[in-house]
Amino acid sequence: MERMPSKTDGFSRRDFLRWSGLTGGSLFLAACAAPPAQPAAGEGAAASQAPAAEQTTISWWNQFSSATTQEVFPVVVGQFEALHPEINVEFEISGGPPGGGDYIEVLLARIAAGNPPDTITLWTPPSQFGAQGALVAIDDFMANAQWAKPDAFYEGPLKSCQWNGSTYGLPASAGAGSIFVNADKFAEAGISAKREDFPKTWAGLQELSAKFTRWEGDDLKQAGLIPWAAGWLKPVWSTLNGGKIFDADANAYTVDSAQNAEWLGEWVKWLDAEYGGDIEKLNFFGNWGSAYADGAFQLGLSSMVLDGSWACTDAEIPFAWEVMPFPVGPSGSQSVTGFWPNWWAMPKGTPHPDEGFLFSEYLCTEGWITWYEAVMDTPAWKAFPEGVLTKKLVDGVGQERAQEIHNFYAAELENTAEMWNSPIEDFASDTLDAAIDEVLHRTKSPAEALAEVQSIVEAKLQERLAG
């Protein structure tokens, strides 16, 4: 869910949510578990197979490490090799680059030295690396591709791979954001948990949230929704109010717009009206940014939570739940969602670009079928076959409802906020997180904080463009 030459300008996909500084919320990603022991030779790891005659051996680097990834990705690689017996894929599922070390630092060092791997998986967008000249532009490959044609992916996720008219990677997943609601708590309160009855505006959402919030003296016994608890959805909230954080067409930040100041002002009003205006006190009572077992949502402390489509299966929510689209802000015109992909790309200097693209293409299209059956990482490929569902979701909610949930997220990806498309993505996101934190702590007004962010990120952007 990375950065640029030498070190980095910001946090990694894992660190971004771990250290967002707003609520302490966390997001489970199947890829982010602590690295277990590496699989022994002969246990499905393609890297253990000796290349056959006439084969080209390519290397794939990734940061995956969980038990699920160790089980499923060797199967997907085996399927690719069966389809392309002329290609052998060397890889590890151990949480980092071969031999250890920081994934991005080692990768960028190898690119600079002229001996990079052939294909890589990124958790921060290819647009950021492409702008630094660290990746191969793949537009010519896509023009002649079997599955990964330029129009084969949802527009928003594919734009996260593009910079200045060139495409530098492919999105495999595009896990979409939504509002999860506790249907049991809604029923207890006599409130409909049907999607068609959910509020369509921020004002309606705040009014609904307040119906669940209950204080006993200074103790918060029950909360509704904490809208700022998922930092990765910042571009969504901006777009919902008619704003934008970064304009890729103009290569410019628009952080200090009136729409964005209004958005943060609405959050301050929400904090005042529902949670006593004290962000630190609110944070004391729970982890408001996760649908997982350690979050306030599963602990029964909140009735709603923001999370991604992957939580439908990975969070193992133990009660009846529903997923809702985002309501529209006072200056907005339509509902949008956000997305957080896994990206595949080819480093500049790859010795086998043709074979590397074939592998990347397969993993982001046909190969994702096998992965999606195991993990609900919503596909970014628009031609994903109808009826392929995550087995765990079907087991939990039944075939018909599982199909409906899948269809909901796929439809949401037709209309997404612009995100993950800046050459200083991590740096800018970090800077805006800090400013939002200041606004919620009342040390700066929304307009003042956003004006400072605008100045900082525009200067950094111009530095990057000039360099």
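**Entry: T119**

I began with T119 and, leaving aside its neighbours within four places in sequence, found it in contact (heavy atoms within 4.5 Å) with S59, W60, W61, W344, A345, M346, P347, G356, F359 and S360. This is a predicted model, where local features need pLDDT of at least 70, side-chain atom pairs count only at pLDDT 80 or more, and totals for chains, interfaces and linings use all residues. Residues are numbered from 1 along each chain as its sequence is written, and side-chain values use heavy atoms, with hydrogens and water left out.

I looked up where T119 sits, and it belongs to strand β3 (residues 119–122). Helices (H or I, at least four residues) and strands (E, at least two) are DSSP runs, numbered from the N terminus. Is T119 buried or exposed? I get a relative accessible area of 0%, so T119 is buried. Buried means under 20% relative accessible area, exposed over 50%, and partly exposed in between, with a 1.4 Å probe and protein chains only.

**Entry: helix α13**

Next I turned to helix α13, residues 353–363. Eight of its 11 residues are buried, so α13 is largely enclosed by the rest of the structure. I noted the buried ones as E355, G356, F357, F359, S360, E361, Y362 and L363.

**Entry: α2 against α13**

Two packed helices are described by the angle between their axes and the distance between the axes. For helix α2 (residues 67–83) and α13 I have an angle of about 125° and axes 11 Å apart. Axes are lines fitted to C-alpha atoms, for helices over the stretch in contact, and angles run from 0 to 180 degrees between N-to-C directions. The pair is therefore oblique; angles under 35 degrees count as roughly parallel, over 145 as roughly antiparallel, 65 to 115 as roughly perpendicular and the rest as oblique.

Which residues meet here? From α2 I listed F73, V76, V77, Q79, F80 and L83, and from α13 L358, F359, Y362 and L363. By class, this contact of α2 with α13 has nine nonpolar residues, one polar and no charged. Ala, Val, Leu, Ile, Met, Phe, Trp, Tyr, Cys and Pro count as nonpolar, Asp, Glu, Lys and Arg as charged, and the others, Gly among them, as polar.

**Entry: E366**

I then checked E366, which lies in helix α14 (residues 366–374). Its relative accessibility is 29%, so E366 counts as partly exposed. Not counting residues up to four places away in sequence, E366 touches W147 and W381. The C-alpha atoms of E366 and V76 are 9.3 Å from each other, although 290 residues separate the two along the chain.

**Entry: cysteines**

How many disulfides does the whole structure hold? My search found zero, taking a disulfide as a pair of cysteine sulfur atoms within 2.5 Å. For C161, the nearest cysteine sulfur is that of C364, 7.9 Å away. C364 is likewise in no disulfide, and its nearest cysteine sulfur is that of C161. C161 has 0% relative accessibility and so counts as buried; C364, at 0%, also counts as buried.

**Entry: α10 against α18**

Last, I looked at helix α10 (residues 258–275) and helix α18 (residues 446–466), whose axes come within 9 Å and cross at roughly 130°. That makes α10 oblique to α18. N260, A261, L264 and G265 in α10 meet P446, A447 and L450 in α18. I sorted this contact into five nonpolar, two polar and no charged residues.
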